[in-house]
Every structure is written in structure tokens, then in C-alpha cells.
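Look over the sequence and the structure before reading the points below.

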Amino acid sequence: MTASNNVHPHEINKFGSQAERWWDPQGELKTLHDINPLRLQFIRRFIDLKGARIVDVGCGGGILTEGLAKEGADALGIDLSAELLDIADLHGLESGIPTQYRKISAEDLAAEQPAGFDHVTCMEMLEHVPDPGAIINACATLVKPGGMVFFSTLNRKPKAYLLAIVAAEHVLKMLPKGTHEYKTFIKPSELCQSARNAGLQLSGVVGIEYNPLTQRFSLGNDIDVNYIAAFRRPE
Ligand SMILES: C[S@@+](CC[C@H](N)C(=O)[O-])C[C@H]1O[C@@H](n2cnc3c(N)ncnc32)[C@H](O)[C@@H]1O
């Protein structure tokens with residue numbers, strides 16, 4: 001599979017159609033807003049963001065990219081949705097937080113700038129592409145030796161089907177219907193195997209847990225649903 005066809009156009013259109021509501025913290029993307037501080041908290045366990053050159057792969061409207069830049073990173077967000085990149089740019093202008101965005105695939109950026117970044121983030125994106133392994137390879141190429149790569153995704157477990165699709169999309173309506181497809185979810189063992197094949201070493205993994213009573217997310221040991229994994233590219 002090449003970079004140009006490692007994309008589901010319907011996924012790009014689906015997320016692009018949500019562009020105008022992307023930055024509404026109570027809107028359709030509320031979950032991404034709610035988990036963003038937790039993602040940053042996990043990332044900070046491994047790296048110093050200040051001055052670090054980071055590429056955020058599949059950045060969407062820039063929720064994480066801006067969060068990284070706010071903490072002093074030199075952050076570039078890449079995505080294939082022009083609508084989302086426009087919204088990300090616009091939000092950056094409004095917030096005054098300096099960020100850059102480009103419409104380019106991870107694979108093409110990796111060919112253009114191998115080892116061009118101190119660290120790489122790729123959150124909630126792998127389950128939306130035909131060949132996640134190719135994205136993992138590209139991320140491993142983009143990072144400098146000694147740098148970290150962070151992936152988050154959904155675990156292919158019945159519990160994730162029940163919570164991330166049945167509950168979140170249909171019962172609690174936290175996410176728009178059709179956001180996720182169970183068969184695209186990725187087991188931590190599969191993510192680790194692909195990352196190992198790409199030359200990355202696992203440094204840590206954490207679950208993002210949801211408590212329906214408090215309606216709050218937290219980091220924890222339960223990786224059955226949504227999880228973040230940190231990998232290092234050896235020197
Ligand atoms: C669920 S959103 C996650 C956005 C962002 N990473 C976050 O977590 O805040 C998935 C994003 O992946 C992007 N995407 C899907 N396929 C892609 C591809 N092949 N290359 C780059 N971005 C892609 C979509 O346009 C969308 O912005």
C-alpha cells in the first residue's frame with residue numbers, strides 16, 4: 001500500500017464534516033477535549049515539551065497539537081482533511097498559540113524529513129486508516145534516534161465494543177454514530193508488534209478510563225478500551 005491509498009476517503013469526509021464544531025468543548029468532539037489534558041499528562045512523563053520539535057500525525061482540528069505548543073513545543077500538525085487543517089489554523093490564530101499545519105500524509109512527510117522530529121504523536125488515528133502498520137512505520141522514520149512516539153487507539157475487545165460503540169455512540173451519545181468500527185480496533189499486542197517491526201521499543205502504556213457516574217476520564221491500568229502507548233526509537 002502506498003501513502004496515497006492508505007486513506008479511507010469516507011473517514012476524511014466524516015471528520016471534515018465536523019470541522020466547524022471541532023473546538024466546541026461541549027460538542028461532538030467533547031471526548032477529545034476531555035481526554036486531552038490526560039494525553040498531555042502521559043506524554044510529559046516521558047519528555048520535556050519545551051522546545052521539542054514534534055509532529056502530530058492525524059491532528060484533526062489541532063486539539064493535541066495546540067496543547068503541545070501551549071507547553072512550549074514547536075508543533076507541526078499533519079492531516080489529510082483540508083477543512084480540519086483550516087479550522088486548526090484559524091483556532092491557532094485566535095488563541096495566539098504558535099502552531100503549524102500541513103496537508104500531507106505521514107508516509108510522505110517521513111520520506112521528506114526522516115528523523116526530522118524530536119518526538120511524534122499519533123492519537124485516535126490508527127483505527128481510521130486501511131494500513132495502520134504503514135503509519136507506525138512512518139512515525140518510526142519521522143522520529144530521531146532517542147526520541148519518543150506516542151500512539152493512542154481502541155482495543156479490539158468486546159468491552160471496547162460495548163463501551164466505545166454501544167454506550168458512547170448509541171446510549172450516552174458522547175460520540176456521533178458511526179465514529180468507530182469494531183473491526184478496526186487494535187489490540188495492544190498488535191500495536192506493540194507493529195512498533196517492534198518498525199524498530200521502536202515499548203516504554204509504557206496506560207488506559208484512558210471513563211467513569212459514567214462522575215462522567216470523567218482518568219488515566220489507569222485498564223487498557224481494555226482506550227489506551228495510549230509510548231515507544232522509544234533506540235539511539
Ligand atoms: C478521531 S480524529 C483524531 C484527531 C486528533 N488526533 C486528536 O486525537 O485530537 C482522526 C483524524 O485522523 C485523520 N485521518 C484519517 N486518516 C488519515 C490519514 N490517512 N492521514 C492523515 N490523517 C488521517 C482524520 O482526518 C481525523 O482528523
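The structure is a predicted model. Its chain has an average pLDDT of 94, and 98% of the residues score at least 70. For the complex, the predictor gives an ipTM of 0.99 and a pTM of 0.96.

**The chain as a whole**

- The chain contains eight helices and eight strands.
- Its radius of gyration is 16 Å, close to the 18 Å that the globule rule gives for 235 residues, so the chain is as compact as a globular protein of that length.
- The C-alpha trace spans about 45 × 40 × 35 Å along its principal axes.
- Of the 235 residues in the chain, 46% are buried.
- Among contacts with a separation of 6 or more, 72% are between residues 24 or more positions apart.

**Around the ligand**

- The ligand is surrounded by 21 residues, and the closest are V7, G58, G60, M123 and E124.
- Sorted by class, this shell has twelve nonpolar, six polar and three charged residues.
- Helix 1 (9–16) and helix 3 (63–70) each supply at least two residues of the shell.
- Helix 1 gives the largest share, with three residues.

**Positions annotated in UniProt**

- An unreviewed UniProt entry carries the annotation "binding site" for R39, G58, D79 and M123.
- G58 lies in the loop between strand 1 and helix 3.
- G58 has 24 other C-beta atoms within 10 Å; the cut-off for buried is 20 or more, so G58 is buried.
- Not counting residues up to four places away in sequence, G58 touches D79, C122 and M125. D79 is itself one of the residues under the "binding site" annotation.
- M123 belongs to strand 4, and with 22 C-beta neighbours inside 10 Å it counts as buried.
- Which residues does M123 touch, not counting residues up to four places away in sequence? They are R39, L64 and S152.

**Helix 3**

- Helix 3 is mostly covered, with seven of its eight residues buried.
- Just after helix 3, G72 takes a positive phi of about 100 degrees.

**Helix 6**

- Helix 6 (residues 132–142) is also mostly covered, as ten of its eleven residues are buried.
- The buried residues are P132, A134, I135, I136, N137, A138, C139, A140, T141 and L142.
- They pack against strand 1 (53–57), helix 5 (106–112), strand 4 (117–123), strand 5 (143–154) and helix 8 (188–197).

**I12 in helix 1**

- I12 is found in helix 1.
- I12 is partly exposed, with 17 other C-beta atoms within 10 Å.
- Leaving aside neighbours within four places in sequence, I12 is in contact with V7, L80 and S81. V7 is among the residues closest to the ligand.
- I12 and H128 are 116 residues apart along the chain, and their C-alpha atoms are separated by 8.8 Å.

**Two residues with positive phi**

- E124 has a phi near 55 degrees, a positive value in a residue other than glycine.
- E124 sits in the loop between strand 4 and helix 6, and it is among the residues closest to the ligand.
- Q215 has a phi near 60 degrees, also a positive value in a residue other than glycine.
- Q215 is placed in the loop between strand 6 (201–211) and strand 7 (216–220).
- Is each of these two residues buried or exposed? E124 counts as buried, with 22 C-beta neighbours inside 10 Å, whereas Q215 has 10 and counts as exposed.

Key
Residues are numbered from 1 along each chain as its sequence is written. This is a predicted model: local features need pLDDT of at least 70, side-chain atom pairs count only at pLDDT 80 or more; totals for chains, interfaces and linings use all residues. pLDDT is the predictor's confidence in each residue, from 0 to 100. A residue is near a molecule or strand if its C-beta atom, placed from the backbone, lies within 6 Å of it. Helices (H or I, at least four residues) and strands (E, at least two) are DSSP runs, numbered from the N terminus. Ala, Val, Leu, Ile, Met, Phe, Trp, Tyr, Cys and Pro count as nonpolar, Asp, Glu, Lys and Arg as charged, and the others, Gly among them, as polar. A residue is buried if 20 or more other C-beta atoms lie within 10 Å of its own, exposed if 12 or fewer, and partly exposed in between; C-beta atoms are placed from the backbone. Two residues are in contact if their C-beta atoms, placed from the backbone, lie within 7 Å. The radius of gyration is taken over C-alpha atoms; the globule rule is 2.2 Å times the number of residues to the power 0.38. UniProt positions are given in the numbering used here, feature names are shortened, and annotations may be inferred rather than shown by experiment.
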